[in-house]
Amino acid sequence: MSGRNNQRSIGNLGEEAVCCYLQKQGAQILSRNFTVRGGEIDIIACKDDVLLFVEVKTRRTGALQSGAEAVTPRKQQLIVRTAMQYLLKHPYDYQPRFDVAEVEYSGSAVQNITYLENAFDATGLL
């Protein structure tokens, strides 16, 4: 398996775990890997009149950089712009929220999910 395919399968492992986590919290998954030119959002879900735009970062247990640290201001800007494109195609009256899910794995098993609500907002990113 090539490095890129392996990265994608690790990413899928993390995204699947976060989808299950969100569903257990009562969220409805609306879209996965929503992609437009220049950006992608891993998971879009809704819960209690809040529209969740979730960036999933999957890392080996003990990685030097946390998932949240990998969501740089530039990455945040791309996520916000992509969310705006989603909202143009799928208008919701829900309050948008930008979350980051840090997934730790070892081998092929998820060890831990740290879910950061309101990890960032759109202020100053447009």
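**Sheet, helix and cores in a predicted model**

Ile 43 stands opposite Val 54 in strand 3, strands here being DSSP runs of E with at least two residues and helices DSSP runs of H or I with at least four, both numbered from the N terminus. The model is a predicted one, in which local features need pLDDT of at least 70 and side-chain atom pairs count only at pLDDT 80 or more, whereas totals for chains, interfaces and linings use all residues. Residues are numbered from 1 along each chain as its sequence is written, and side-chain values use heavy atoms, with hydrogens and water left out.

Strand 2 and strand 3 pair in the antiparallel sense over five bridges, where pairing requires that DSSP finds at least two bridges between two strands. In general, the strands of a sheet pair through backbone hydrogen bonds, in either a parallel or an antiparallel manner. The open sheet is formed by five strands in the order 1-2-3-4-5, with mixed pairing. Strand 1 and strand 5 (109-120) stand at the edges and have a single partner strand each, so one side of each is left without a neighbour in the sheet. From one strand to the next, the twist averages 30°, angles being taken from 0 to 180 degrees between the N-to-C directions of axes, which are lines fitted to C-alpha atoms, for helices over the stretch in contact. Helix 2 lies across strand 1, strand 2, strand 3, strand 4 and strand 5, and runs at about 110° to strand 1.

The largest nonpolar core has 15 residues, and those with the most contacts inside it are Ile 41, Ile 44, Phe 53, Ile 79, Phe 98 and Phe 120. Such a core is a set of buried Ala, Val, Leu, Ile, Met, Phe, Trp, Tyr and Cys residues joined through side-chain atoms within 4.5 Å; buried means under 20% relative accessible area, exposed over 50%, and partly exposed in between, with a 1.4 Å probe and protein chains only. Two or more residues each are given to this core by strand 1 (28-36), strand 2 (39-47), strand 3 (50-60), helix 2 (73-89) and strand 4 (95-106), and the largest share, four residues, comes from helix 2. Ile 79 touches Glu 40, Ile 41, Glu 55, Val 71, Phe 98 and Phe 120, not counting residues up to four places away in sequence, contact meaning heavy atoms within 4.5 Å.

Asp 48, in the loop between strand 2 and strand 3, has a positive phi of about 50° although it is not a glycine.
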